[in-house]
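Here is my note on the model you sent.

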Amino acid sequence: MSEAKVLLVPDSLEGERVDAVVARVLGLSRGRSAGLIADGRVRLDGSLVTKSDRALGGATLEVDLDEDPVGPAVVARAVEGLTILHEDADLVVVDKPSGVAAHPSLGWDGPDVLGALAAAGVSITTSGAPERRGIVQRLDVGTSGLMVVAKSEHAYSVLKRAFKARTVEKTYHALVQGHPDPFTGTIDAPIARHPGSEWRMAIVAGGRESVTHYDTIDAFVGTTLLTIGLETGRTHQIRVHMAAIHHPCVGDPTYGSDPVLAARLGLARQWLHAVRLVFEHPGTGERVEFVSAYPADLAHALEIVSAA
């Protein structure tokens, strides 16, 4: 019996071949994915595709299956340090610790937000692929801070539109190497998957529009604490853009930071924290705001640079 799966292409798979995207998101072999495409059973934003077409993050992917494939399942697992800041019938806001993914994915066997919510008895009833239900935004595994997850179909639709329309205020704090010049600025540079790496992103001509605003909170010897606002929400956006202006996030060797400095500060991940989230509540229409304090590892690193 045929079943149609409808889901959004993750931003992390931006620029990948459609056959690879179908295989990754549905847990299929590459050959099975290519066969479905050849049979005219895969559409991207309503149009039939060939296996070599490239996917756009956020595009609607429709796959007509003759059976339900086994993909990465949501496994209820309590996550130490993950805090539920707010929950109502429409949504739940969490403070995510570092080392936790937004949702299950192939190749990741660590904890995730949806698994933590399931363990806490939070029911996510929105549509989409089972392993990503309710996910309207993501934080990197190594980035801590605020995430909102939709619980209702209505909230999912409204929040996805709000993020796409850039009406959600997302504020991050980042400790970066050196002193940006100017101290306040905007980085407007397109981002796509790095041509030589499956797990890195890069500034690439023809990539997706990406706009980052930054301002200096405080400057220290060799580092600067920035407040960062995002107009767009590309994978690794802050990390890529700060590295592009030669001021990578401290503790982020993937994008060129100094490992000696990270060791001195006791950091095992990038100094990047989602501190503030403001959006219109999809149920009440009220503007709501949530804030998050620095976790212990980031606070400790900041104490060290402040004392230098």
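**Cores and strand pairing**

1. The largest nonpolar core holds 29 residues, and those with the most contacts inside it are Val113, Leu117, Met147, Val149, Tyr172, Ile228 and Ile238. Such a core is a set of buried Ala, Val, Leu, Ile, Met, Phe, Trp, Tyr and Cys residues joined through side-chain atoms within 4.5 Å. Buried means under 20% relative accessible area (1.4 Å probe, protein chains only).

2. Two or more residues each come from β6 (91-96), α3 (113-119), β7 (144-150), β8, β13, α5 (237-244) and β14. Helix α3 gives the largest share, four residues. Elements are DSSP runs numbered from the N terminus: helices are H or I, at least four residues; strands are E, at least two.

3. A separate core has 19 residues, including Leu36, Ala55, Ala59 and Leu65.

4. This is a predicted model: local features need pLDDT of at least 70, side-chain atom pairs count only at pLDDT 80 or more, and totals for chains, interfaces and linings use all residues. Residues are numbered from 1 along each chain as its sequence is written, and side-chain values use heavy atoms, with hydrogens and water left out.

5. Strand β8 (residues 169-177) has eight of its nine residues buried, so the rest of the structure largely encloses it.

6. What does β8 pair with? Strand β14 (residues 272-280) pairs with β8 in the antiparallel sense over six bridges; His173 has His273 as its bridge partner in β14. Strand β13 (residues 223-230) also pairs with β8 in the antiparallel sense, over seven bridges. There, Ala174 stands opposite Leu226. Pairing requires at least two DSSP bridges between the strands.

Terms used
Buried < 20%, exposed > 50% of the residue type's maximum accessible area, 1.4 Å probe, protein only.
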